[in-house]
Number of protein chains: 2
Amino acid sequence: MSDLLERLRGRGWRMTSQRRVVAEVLDGDHVHLTADEVHARAAARLPEISRATVYNTLGELVVLGEVSEVATDGRAKRYDPNGHTPHQHLVCSGCGSIRDVRPTGNLLAGLPQEERFGFTLSAVEVTYRGLCPDCA
Amino acid sequence: MSDLLERLRGRGWRMTSQRRVVAEVLDGDHVHLTADEVHARAAARLPEISRATVYNTLGELVVLGEVSEVATDGRAKRYDPNGHTPHQHLVCSGCGSIRDVRPTGNLLAGLPQEERFGFTLSAVEVTYRGLCPDCA
DNA sequence: TTCTTGACTTGGACTCCGTCCATCGTAGGA
DNA sequence: TCCTACGATGGACGGAGTCCAAGTCAAGAA
Ligand SMILES: [Mn+2]
Ligand SMILES: [Mn+2]
Ligand SMILES: [Zn+2]
Ligand SMILES: [Zn+2]
């Protein structure tokens, strides 16, 4: 994602300091931050950045496929900078921590034709739940 | 779920008209209603029932395992009366409709040991996304 | 370099979903 | 029938996210 800014410029984005800072925050550790966490980290570099702009920018990055949204529960959505490498999530039922995981096999294949009810499948999201070593 | 009321009585539930009505609403079609939809249907039979009571009762039913919560997006949670038969969901990206589906195979088996990071797995949720025949 | 303009940002109001709480009512046992 | 602890009520409250009118500024034009 280091060339994210290039790709955005290539797509005609006006490169503002706000967008740059949000992109840099996501470019750091591959964790799964909430919008407010992104805002807090962005504000550390650019104090006046508004929540609305963080939401706008995250939404744009999602549409562009650079970032994906993860909604594991009824809490705040988390933003996943790992947008280009398909993967699934392992969520701790205790502390809520999230790990990226790569299950084997074709997940779509698990749903037999007669269970598809005429739908055109496009994606599968799998959430594995359990207790992490610390919470066990 | 027709004997739900029996099971609840057996668990020491005080049987109020409110709880009875909420259970009856869920006992109808096996659809996936939001809490407010449950409230609307319950209020058709018992006009004074409050939203708080609907939320309380749904929460209790979830804890008892009679009903499960489904959070497919950032919108309102949906309540699934199909609590005793494990199944997954097929969600239309167009209209948001939800169907119960039963994938084949052991879903937990898809996550190899070295991808479990010491977690003790307890459940897997799979959401298949695509377009329903109407939206395609 | 300066000018111009429409894309972008801002902050606050607003909505939606859900929780909390003080108070009132009642199911069900004595 | 009476008592009382459990449950219901509704209104205040909170978190997450959206919307909007007004102000700002990135970047192309000259
Ligand atoms: Mn991820
Ligand atoms: Mn279901
Ligand atoms: Zn944990
Ligand atoms: Zn549809």
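Strand β6 of chain A (residues 120–131) runs antiparallel to β6(B), and eleven bridges join them. Strands count as paired when DSSP finds at least two bridges between them. Helices (H or I, at least four residues) and strands (E, at least two) are DSSP runs, numbered from the N terminus. To pick out one bridge, Thr127(A) has Glu125(B) as its partner in β6(B).

A quick word on the ground rules: this is a predicted model, where local features need pLDDT of at least 70 and side-chain atom pairs pLDDT 80 or more, while totals for chains, interfaces and linings use all residues. Residues are numbered from 1 along each chain as its sequence is written, chains are lettered from A and ligands numbered from 1 in the order written, and side-chain values use heavy atoms, with hydrogens and water left out.

## Where chain B meets chain A

Each chain puts 39 residues into the contact, meaning heavy atoms within 4.5 Å. Together the chains bury about 3,000 Å², 60% of it on carbon and sulfur atoms. Buried area is the accessible area (1.4 Å probe) that two parts lose on being put together, summed over both.

The interface has two salt bridges; the term asks for a side-chain nitrogen of Lys or Arg within 4 Å of a carboxyl oxygen of Asp or Glu. Glu125(A) and Arg129(B) form a salt bridge through their side chains, at 2.6 Å from N to O. On chain B's side of the contact, β4 (88–92), β5 (98–101) and β6 (120–131) each supply at least two residues.

## Around DNA strand C

What surrounds DNA strand C? There are 17 residues, and the closest are Arg14(A), Thr16(A), Thr53(A), Met15(B) and Lys77(B). "Near" here means that a residue has a heavy atom within 4 Å of the strand. Of the DNA atoms that come within 4 Å of the protein, sugar and phosphate account for 69%.

α2 (17–27) and α4 (51–63) of chain A, plus α4 (51–63) of chain B, each give at least two residues to this surface, and α4(B) gives the most, with three.

Now zoom in on some side chains. A polar side-chain atom of Tyr55(B) sits 2.9 Å from a phosphate oxygen of the DNA. For Gln18(A), a polar side-chain atom is 2.9 Å from a sugar or linking oxygen. Arg51(B) has a side-chain N or O atom 2.9 Å from a base nitrogen of DNA strand C.

Methods: A polar contact is a pair of N or O atoms within 3.5 Å; within protein, one must be able to donate a hydrogen and the other to accept it, and residues adjacent in sequence count only if both atoms are side-chain atoms.
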